[in-house]
Amino acid sequence: MKKYILGTLAAAFACVLLLTTIHAQLIQQGISSEVLRFHVLANSDSSADQALKLQVRNAVGTYMSGQLEGADSLAESRRIVEENLSAIEEIASATVQNEGYDYAVSAFLETSVFPEKTYGIFTFPSGAYEALRVVIGEGGGHNWWCVLYPNLCFAGSMYEVVDGSEEKLQAVLTTEEYAAILNSGDCKVEFKILEFLNRAIE
């Protein structure tokens, strides 16, 4: 009888885990379809290359904050980024050269796979997201990221979660999607399921 109960619980757990995984994937896909990220990759993890990464971030971010001012949709933000890719590369390259380096710089608007990332009070789940990616040199160092649309990262020259971020995200995400990216959101559900099943088979 005990083996039967354990087998039933294992099957139930597998089903719940599968459904939870599918649900998490759908939530991530919903979030990714409404946001545009900004990703700057350093040449390497040396202190000099990491400092250069932030200089490039500042230059490109300052420029794009002006270009995107007033953009009120993902489609419009995407169009503006696409139209400015050459200018972004020129600005980033000039910054690199002014700092005394000869690294090549590339700017792309593309879909990339991101690990789970926390920014302020928000934790974005891992998965594929569309992003403006600025790659410095080999692009082999730790990266910096934020969200271009809705704007979470431009507040003058500061790169912090800007005032009104919660309202901006709530405006483009569903209630469930918004709850999932809060640090106290839905990401704890799977662990609670595991705790329940562990208690059941003890």
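**Fold, core and a cis peptide bond**

In this predicted model, 68% of the contacts with a separation of 6 or more are between residues 24 or more positions apart; a contact here means heavy atoms within 4.5 Å. As for ground rules, local features need pLDDT of at least 70, side-chain atom pairs count only at pLDDT 80 or more, and totals for chains, interfaces and linings use all residues. Residues are numbered from 1 along each chain as its sequence is written, and side-chain values use heavy atoms, with hydrogens and water left out.

The protein has seven helices and six strands, taken as DSSP runs numbered from the N terminus (H or I, at least four residues, for helices; E, at least two, for strands). Going along the sequence, the order is α-β-α-α-α-β-β-β-β-β-α-α-α. Of the 202 residues, 40% are buried, where buried is under 20% relative accessible area, exposed is over 50%, and partly exposed sits in between (1.4 Å probe, protein chains only).

Now for the inside. In soluble globular proteins, nonpolar side chains tend to be buried together. Here the largest nonpolar core has 45 residues, and F38, F124 and V134 have the most contacts inside it. Strand β6 (residues 143-149) supplies the largest share of this core, six residues. A nonpolar core is a set of buried Ala, Val, Leu, Ile, Met, Phe, Trp, Tyr and Cys residues joined through side-chain atoms within 4.5 Å. Setting aside residues up to four places away in sequence, V134 touches F38, H39, V40, L41, V56, I88, A92, V105, S106 and A107.

I31 lies in helix α1 (residues 2-32) and I181 in helix α6 (residues 175-181). I31 counts as buried because its relative accessibility is 0%, and I181 is buried because its relative accessible area is 0%. Beyond neighbours within four places in sequence, I31 is in contact with F124, P125, Y129, L173, E177 and I181. With the sequence neighbours left out in the same way, I181 touches I31, I121, F122, T123, F124, P125, L169 and L173; its C-alpha is 9.8 Å from that of L169, twelve residues away in sequence.

Next along, L182 is in the loop between α6 and α7 (189-201). L182 is partly exposed because its relative accessible area is 23%. L182 touches I121 and F122, not counting residues up to four places away in sequence, and its C-alpha is 5.9 Å from that of T123, 59 residues apart in sequence.

Finally, the peptide bond from Y149 to P150 is cis, with omega near -10°. P150 lies in the loop between β6 and α5 (165-172).
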